[in-house]
Amino acid sequence: MSKPHDIVDIGVNLAHRSFQADRKQIVERAFAAGVRTMVITGTSVVGSQEGLRFAREYPGQLFATAGVH
């Protein structure tokens, strides 16, 4: 359960190919800075699938949306 001071980022674009090389480092830096939960925004079929795959590596911390924009 979230505490009042927990940070939730509701719109991270980690599925975008520009983050492919350093996704894990980005997530670890965010956790170190106090972010406890992140929602990966899916913007295409492939991106939504990639977001879900990556979110599954951090159960309970990363979640994914599916969308096509």
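**Close-up views of a predicted model**

**View 1. Arg23 and the ring of Phe54.** Arg23 lies over the face of Phe54, 5.9 Å from the ring centre. The structure shown here and in the following views is a predicted model. Phe54 also belongs to a cluster, in which ring pairs link it with Phe31 and Tyr58.

**View 2. The aromatic pair of Phe31 and Tyr58.** Two aromatic pairs are found in the structure. Phe31 counts as buried because its relative accessible area, 12%, is under 20%. The same cut-off applies to Tyr58, which is buried at 10% relative accessibility.

**View 3. The largest nonpolar core.** This core has 14 residues. Those that touch the most other members are Leu14, Val27, Met38, Ile40, Phe54 and Leu62. Two or more residues come from each of the elements H1, E2 and H2. H1 gives the most, with four residues. In soluble globular proteins, nonpolar side chains tend to be buried together.

**View 4. The surroundings of Val27.** Leaving aside residues up to four places away in sequence, Val27 touches Leu14, Met38, Phe54, Tyr58 and Leu62. Leu14, Met38, Phe54 and Leu62 are, like Val27, among the core residues that touch the most other members.

View 5. Ser44 lies in the loop that runs between strand E2 (35-40) and helix H2 (45-55). The side chain of Ser44 reaches the backbone nitrogen of Gly47 at 2.9 Å.

View 6. Ser44 touches Gly67 and Val68, when residues up to four places away in sequence are not counted. His69 is 25 residues from Ser44 in sequence. In space, Ser44 and His69 are 6.5 Å apart, C-alpha to C-alpha.

Definitions and conventions:
Residues numbered from 1 in each chain as written. Predicted model: local features only at pLDDT ≥ 70, side-chain atom pairs only at ≥ 80, totals over all residues. Heavy atoms only, no water. Contact = heavy atoms within 4.5 Å. Polar contact = N/O pair within 3.5 Å; in protein donor to acceptor, adjacent residues only side chain to side chain. Phe/Tyr/Trp six-rings, centres within 6.5 Å; stacked < 30°, edge-to-face > 60°. Buried < 20%, exposed > 50% of the residue type's maximum accessible area, 1.4 Å probe, protein only. Lys NZ or Arg CZ within 6 Å of the ring centre and 35° of its normal. Core = buried A, V, L, I, M, F, W, Y, C linked by side-chain atoms within 4.5 Å.
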